Amino acid sequence: MSFSKVKYLLLVAILGLSVGLAACGGDDDETTSGDGSTSTAGAIQSNPDNSSVTLTIGSKNFTEQIVLGELYSQGLEAAGYDVNTDLNLGSETIARQALKKGEISGYPEYVSTALTSFYEKDAEQVPSDPNEAFDLVSTEAEGDGLVALPPTPFSSANAVGLLTSKAEELNVSTISDLEGQSQDLSLYGSPECRQRIDCLLGLQQNYGLDFKSFTPVDIGLRYEVLDKGQADLSIVFTTDAQLGASDEYTILEDDQGVLPAGNVVFLTKQATIDEAGPDYADTIAKVQEGLTIEVMQELDARVDIDKEQASAVASDYLKAAGLIE
Amino acid sequence: MPASDLLPLAEVSQDFFRDRSGGGCIQENRLFCPGWVVDNFDRYVDPTVQHLGLVVSAVVGGFLIAFLLAILAHRHRWLSSPFLAATGVLYTIPSISFFFLLLPITGRGALTAIIALTAFTLQIIFRNITNGLRNVPHEVTDAATGIGLTKRQLLWQVELPLALPEIIAGLRIATVSTVALATLAVFANGGGLGTEIVVGSNITFKTGIIVAGSIAVLMAIVFDALLLLAGRLIAPWTKVAR
Amino acid sequence: MIELPFLPLAAFGLFGDAFDFIFNQQEAATGGVMVGGPEQVIELATKQLEVTLLALGLSLLIALPLGLILGHYGRGEFLAVSVGNAGRAIPELALIALMAAAIGVGLFNLVIALAILGIPPILTNTFVGIRQVNRSSVEAARGMGMSDRQVITRVELPLAIPMIMGGVRTSAINIIATATIAPLAGILTLGDFIISRNVYGDAGVLAGAVLVALMAVALEMVLAGTQWAMTSKGMKLQKS
């Protein structure tokens with residue numbers, strides 16, 4: 001065989017190998033398979049009947065969501081399901097679209113976001129009592145062809161954040177205090193914030209605030225823009241790790257209740273629940289039962305501040321809570 | 001489904017909560033924290049492997065297609081211009097744009113990313129193969145035809161080997177560019193090192209971005225060197241052209 | 001995988017939506033804001049062009065004189081060529097993200113980052129272009145009494161135009177492609193349609209992709225035309 005023939009055969013072999021590699025690597029991450037059989041009380045038991053069911057767990061595109069996605073998927077994996085993940089989908093519109101199209105089996109959504117973004121409720125219409133809110137979102141979801149599983153203990157809300165030094169300088173402690181000053185202040189938020197009533201729209205319509213500018217940036221940068229002095233104000237989350245870690249940042253009190261808090265409910269379809277059996281909803285409930293606001297902040301901190309991987313953080317928590325070995 | 005009373009909490013002990021008052025390199029998100037890199041290096045393994053897969057698939061695929069086009073254009077000279085123009089358009093279209101142009105057809109995933117990356121390499125490789133073939137001295141081709149080689153033998157046994165340095169040069173450029181571009185594959189949901197740059201809070205994590213970027217640069221350097229070496233091994237009789 | 005018989009119809013539908021997105025302002029998928037429409041398209045396109053031209057200009061300002069001087073005196077070959085190779089290896093995404101994280105978002109920083117991508121091709125090509133100029137032409141010019149600067153501007157530069165413009169075109173493509181991900185750094189360009197999929201929906205994303213592609217091709221054609229116009233008649237004859 002001449003040189004050229006050898007070379008080209010080699011190339012074909014490499015092509016085959018690399019297509020295989022890419023096919024494996026490019027797919028959505030499979031969570032590492034858990035040990036399966038556990039027998040400690042309270043732990044998630046692996047049920048062999050579940051192994052024939054494939055679930056795809058999705059999440060939106062910021063830390064808390066990704067951690068929740070990992071928690072649910074690892075819990076379900078421990079229960080014996082075959083689990084894929086498609087985390088970091090995007091905003092709520094994209095996640096809901098993926099759910100409806102069947103690309104994912106379910107994802108965690110904030111009750112407040114679902115009610116205001118999907119079901120067109122005003123901020124005042126979002127009940128502050130978590131049980132009432134859950135009932136409302138359940139009914140709405142049913143009409144939407146979706147099912148909302150019972151909520152987490154913790155709730156989170158959008159908040160107007162700024163540097164503590166800036167807050168002192170402007171002498172503001174509530175959002176209403178911004179009146180008269182907001183036209184000189186720049187606001188940064190996620191791209192979808194522009195169109196959400198529990199975000200920029202609400203601030204503009206309900207608080208009547210006009211800002212000097214609104215700049216959309218990736219959610220991950222919400223504190224960076226404050227640090228760098230680009231943003232006077234930034235939309236942050238009440239469960240953010242950065243708020244607890246130091247006194248550097250402050251959030252303004254939402255005195256008019258325009259930025260409602262929402263517990264997290266796992267949105268899925270009835271058909272999936274039927275197919276997956278009782279362990280599906282039970283595992284999800286088990287995984288989230290210990291997620292108080294302190295715990296969620298700690299988990300968020302481990303990813304955002306300690307820079308650990310969400311999957312590792314999730315499994316550490318599940319082990320510490322005695323849910324998996 | 002009625003709202004259930006919250007189940008008894010699966011409590012974690014108090015020492016689950018860490019004390020972050022101490023500060024430190026990672027907490028302050030300083031530019032580069034070597035300690036963290038050493039401890040956490042394994043999180044870059046999967047993205048690197050995916051990245052390798054994307055690059056190799058794209059370059060090999062690009063080479064095969066460009067090679068085919070070049071041979072055709074060598075036989076039928078009038079094809080050169082249209083092929084050059086077509087591959088040129090594919091080269092000009094930004095990859096991220098390409099990902100989403102392909103979205104309705106191939107959806108989100110590694111395949112979309114690979115197709116777009118392959119399209120990018122076509123012009124570089126095609127042009128280099130074509131130039132390499134054209135630069136074979138007339139005396140050599142005349143002599144070869146003179147001793148009775150068929151057109152096909154001429155191509156495979158004389159012209160291509162002599163064009164090798166130029167072809168390798170083209171492959172090197174294509175590969176290095178593809179390694180850099182493949183970081184964008186994350187936008188097509190195709191994985192790769194881009195996931196460690198853009199996903200979640202990675203986008204603010206200076207050390208993480210530096211590590212991911214450095215791995216990409218290193219990968220490019222290694223591929224470049226490997227191809228250079230391969231060129232020297234396969235065709236030691238020719239001087240490597242600039 | 002996708003079933004082929006239905007594929008063409010579905011793909012056409014979405015392209016139709018994208019077309020509509022460009023020309024008709026419409027309400028966003030979740031309501032609340034108006035997106036799309038010619039006004040927004042032009043605003044973002046202008047920003048992308050502005051950013052690209054600024055960065056390209058800055059790259060030329062730095063790389064062209066440097067390449068000319070190094071090439072003329074035959075110094076720094078290793079530097080000029082290595083910078084070209086190294087520049088190709090820079091991952092654009094990492095550069096923009098690091099810039100946003102370490103230095104901050106904003107137009108100034110973005111243009112600097114884009115210029116970092118744009119300088120290598122121009123520097124290398126200018127250097128090589130000058131070096132490849134026929135030595136006898138240079139000698140003849142010197143013989144006529146031209147100063148160094150005159151040699152560069154009247155002899156070497158015109159003869160090196162094709163090579164230099166090739167570098168400029170490569171730079172332009174890199175810059176405009178990276179300008180598409182500028183929204184990550186807070187500067188809204190056409191890429192916002194693609195990156196903020198949330199707001200603009202699938203139609204918007206496709207519209208963004210098409211617009212960016214068209215803009216890149218248009219810029220390339222303008223530069224190609226410029227190159228043709230700047231190449232002296234003699235060289236054009238030489239080529240054929």
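These questions and answers concern a predicted model, taken chain by chain.

Q: What radius of gyration does chain B have, against that of a compact globule of 242 residues?
A: The C-alpha atoms of chain B fill a box of roughly 90 × 45 × 25 Å along the principal axes. A compact globule of 242 residues would come near 18 Å. Chain B has 25 Å.

Q: What share of the 242 residues in chain B is buried?
A: A residue is buried if 20 or more other C-beta atoms lie within 10 Å of its own. In chain B, buried residues make up 49%.

Q: Among contacts in chain B between residues at least 6 apart in sequence, what share joins residues at least 24 apart?
A: Two residues are in contact if their C-beta atoms lie within 7 Å. Of the chain B contacts between residues at least 6 apart, those joining residues at least 24 apart make up 73%.

Q: Where is the kink in H5(B) centred?
A: Helix H5 of chain B covers residues 110-134 and reaches 36 Å from its first C-alpha to its last, close to the 36 Å expected. H5(B) is mostly covered, with 22 of its 25 residues buried. Its kink is about 35° and is centred on Leu122(B).

Q: At which residue does H7(B) bend, and which proline follows within four residues?
A: Helix H7 of chain B (residues 151-181) has 31 residues, and a straight helix would reach 45 Å. The end C-alpha atoms of H7(B) are only 38 Å apart. H7(B) bends by about 50°. The bend is at Leu164(B), and the proline is Pro165(B).

Q: Which helix gives the most to the side of chain C that touches chain B?
A: The contact takes 30 residues from chain C and 34 residues from chain B. Elements giving two or more residues to the chain C side include H1 (7-23), H7 (148-179) and H9 (197-230) of chain C. With nine residues, the one that gives the most is H9(C).

Q: Which strands stand at the edges of the open sheet in chain A?
A: Five strands form this sheet in the order E8-E7-E9-E6-E10, with mixed pairing. An edge strand here has a single partner strand, so one side is left without a neighbour in the sheet. Neighbouring strands are turned by 35° against each other on average, direction ignored. The edge strands are E8(A) and E10(A).

Q: In E9(A), which residue is the bridge partner of Gly161(A)?
A: E6 (residues 158-163) and E9 (residues 233-237) of chain A pair in the antiparallel sense over four bridges. Ala159(A) stands opposite Val236(A). The partner of Gly161(A) is Ser234(A).

Q: In E10(A), which residue is the bridge partner of Leu163(A)?
A: E6(A) is mostly covered, with five of its six residues buried. Three bridges join E6(A) to E10(A), and the two run antiparallel. In E10(A), the partner of Leu163(A) is Tyr249(A).

Q: Why does Leu201(A) count as partly exposed?
A: Leu201(A) is found in helix H7 (residues 200-205) of chain A. Its C-alpha atom is separated by 9.9 Å from that of Val258(A), 57 residues apart along the chain. A buried residue needs 20 or more C-beta neighbours within 10 Å. Leu201(A) counts as partly exposed because its C-beta neighbours inside 10 Å number 19.

Technical notes
Residues are numbered from 1 along each chain as its sequence is written. Chains are lettered from A and ligands numbered from 1 in the order in which they are written. This is a predicted model: local features need pLDDT of at least 70, side-chain atom pairs count only at pLDDT 80 or more; totals for chains, interfaces and linings use all residues. The expected span of a helix is 1.5 Å times one less than its number of residues. The bend at a residue is the angle between axes fitted to the seven residues ending there and the seven starting there. A residue is buried if 20 or more other C-beta atoms lie within 10 Å of its own, exposed if 12 or fewer, and partly exposed in between; C-beta atoms are placed from the backbone. Two strands pair if DSSP finds at least two bridges between them. Axes are lines fitted to C-alpha atoms, for helices over the stretch in contact, and angles run from 0 to 180 degrees between N-to-C directions. The radius of gyration is taken over C-alpha atoms; the globule rule is 2.2 Å times the number of residues to the power 0.38.
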